[in-house]
Amino acid sequence: MAVPGSDALPSQSLAGLARALRGRLGSIRFLITASGLAFILVVDALIGYGLIQGRHEALDAGERATRDLARMLESQTMRTAFAVDQLLRDLTFALDILPDGGRRGNPLIQDHLRQRRTAFADVSGLLVVGPDGFALHHSADTPLPPALLSDRSYFTEPRDHPDRQLFVGAPIASRVAPGTRVIPFSRRWESGKEEAAKEGGGKNGGDGFRGVVVAMVDTTRLAATLESQGIDRKGSVILALEDGTLLLERPQGRHRIAQLADWPAVWRMLAERDELTIRAAAPGAPAMAAGTASGVDSLISVRRVQGYPFVIVATLPVAAVLADWQRDAAAWTAIGAVMTIAIALLTAFVVRQHARREEDQARLGRASRRIRGILDSMLDAVVTFDTAGRIVTFNRAAESMFGIPEREMVGQPIETLIPDARGGANDRDLTALRRDGHAFPVGFTVSDLRLDGSPGAPAVRPASFGALEPDEPRIYVGVIRDMTRRKQQEAELIASKTQAELANRAKSEFLANMSHELRTPLNAIIGFAEVLDSEFFGPMNDRQKSCVADVHDSGQHLLDIVNAVLDMSKLEAGRFELCEEAVEAHEAVAQCLMMVRDRAASGGVALNNGIAAVVAMLWVDRRAFKQVILNLLSNAVKFTPAGGSVTLAADFEDDGGFRLEVTDTGIGIPPDFMADLFQPFRQAENSANRRFEGTGLGLSISKNFVDLHGGTLTCRSTTGVGTTMTVRLPASRVIDHPARTGSQFAGRTAGGAA
């Protein structure tokens, strides 16, 4: 028996599930996640498609390269064969017109053959064989041997086949040049009809057969000609006869085959078509040595040479064709992986931020409700109104204070409660009116509640309602309270102002306190670079040592900049403390000169130390004093061209003070820049025409250091002539002046002890 309403339960469950699913699919977080995944899929799909297309293009380019290689060798072979054929035609013509052409061992004919052999680089020898099989003439420098050649194919084939124009035989060993293999090209030599009739009778005499003209083509010279065409070392070429006999293979012995019939794939291609390019396994030396049937996956192009009995096979391994693609594929795969991870992390970050935003909105809603509850629970009356003075909200304390419910006061002018609300003054004693007309004194404070979202502006600020324009999009909060409450608000404003001033001071102190956090990693970078440069963990190549040197120099340069910025921050914050001690001036100068010596030498700048003879013991901060000298020397060397000089001089002033001068013969300082010379981050050259590196802090820091010691830093400069920087320290800083050595040193010692 069916239970009433049982059919409605599944439908209600499905409806609830559908609503939950719509809510999930419609959520912003789900859309962001789906968008991130879709973006990842699109990026990976594009990279994958590009890799597939790149592979196809690489294979197509390999096929074109293989075909071009075969065509190039075909063209070279045809030129060689045509030239040899034409040479043989010319020889038969010359033999016909010479009276002693058919006589054996004629010196003139032999000399002619040698000249033609010398003129044709690919031909190593020329030979004329008579109808009886004995040699008549040859191009060798040795006497003509009485050798019977009637068993040679280059003789029998033209003799027995009168219709064959040019015969090309298998490579044979040369009798003239031992150890050399040659390819015989032969052509039938026959007389005209009249000569054939005169000769009559005799073997082969009736058909005008007078012998064979043979050209021996040196395979090494032919190979050199082919290799000069730029054959790819990764590929290979084979030149063979139509019957499969190999004439030439480069590289030699790569495929380990005796004839083309041993290569079934190529042999079948030749049987079907005259020109074809396929991808198949090519027999290779490793595979043949292992005794396997498989070979090297290669692109193979086969061509028959039209008009001649030659076949050309060009191969290119697929691995060589795809080598660049594989490197690109690895790089793009890595890029795709990095982009996938980056997008995934960014999506997760955005989802998390949105979740936090939703949580913040939820908290804001709860806070809004709490604020409303707080306003309703406050003892002071709080009223909000717009620029026209119309009331927007009215809390419970205001309802109790004025005896009017909020629903009646919303939209009413604020003057209904406080007649002088627009008087122009803020936080003043006014007179308010209750519903029954009773007047009572109140303290009225108006605050400006910004609704335009202006960045950096406070959400609520004190304002004078009567002095504002009526069309400004603002809401005002009026707090109606007694005088005690107003005094409390003044104290809170003063505390807020003090806190803002402290925050501004904390900014400068923060920069001054960052020395350890910034210097520690930079010192680690410089230290590790020095360890690597010392090859403590193993030898490095020149490129690696150059990179390590760049890391060390860049880290040192950045550390100098950080030190300069931190020193400047401490100086501005007033937190730089002098650690004073007795310092020998010439010793500090010598140390600074050592630091800039290499840079000066590399720039061709001469350093002249004129302070060595001046003995002065100064009561200064050692690091600050050396930093001042080093900054002045560095600037002088940097702005002095090659061939110039930098000179240091020192002396005592008339009042007992100490003077140090750094003079250079550099480019000088423009007069219009002298006023900003000691300002931080200022340089004579702007960013568009700068030729010299630097941060513009050296002179500013130096002047501050000198000022802290009670001295002065001045500059004299002439553009194109040079610059003189002068450091003057007061007599109180000199503790070993000849006239005051005892008293000054005693005073400093006593002061230090105190």
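Reader: Why is Asp 96 called partly exposed?

Author: In this predicted model, Asp 96 has a relative accessible area of 32%. Buried means under 20% and exposed over 50%, with partly exposed in between, so Asp 96 is partly exposed.

Reader: What makes the pair of Arg 210 and Asp 96 a salt bridge?

Author: The closest N and O atoms of Arg 210 and Asp 96 are 3.4 Å apart. A salt bridge requires a side-chain nitrogen of Lys or Arg within 4 Å of a carboxyl oxygen of Asp or Glu, so the pair qualifies.

Reader: What makes Glu 275 and Arg 71 a salt bridge, and which parts do they tie together?

Author: Their side chains meet at 3.8 Å, N to O, and the limit is 4 Å. Glu 275 belongs to strand β9 and Arg 71 to helix α2, so this pair ties together parts that are 204 residues apart in sequence. Both residues also belong to a network of salt bridges that includes Asp 68, Glu 74 and Arg 303.

Reader: How do you know that the length of helix α10 agrees with its number of residues?

Author: At 1.5 Å a residue, the 55 residues of helix α10 should span 81 Å. The end C-alpha atoms of α10 are 79 Å apart, which agrees.

How values were computed
Residues numbered from 1 in each chain as written. Predicted model: local features only at pLDDT ≥ 70, side-chain atom pairs only at ≥ 80, totals over all residues. Heavy atoms only, no water. Helix = DSSP H or I, 4+ residues; strand = E, 2+ residues; numbered from the N terminus. Expected span 1.5 Å × (residues − 1). Buried < 20%, exposed > 50% of the residue type's maximum accessible area, 1.4 Å probe, protein only.
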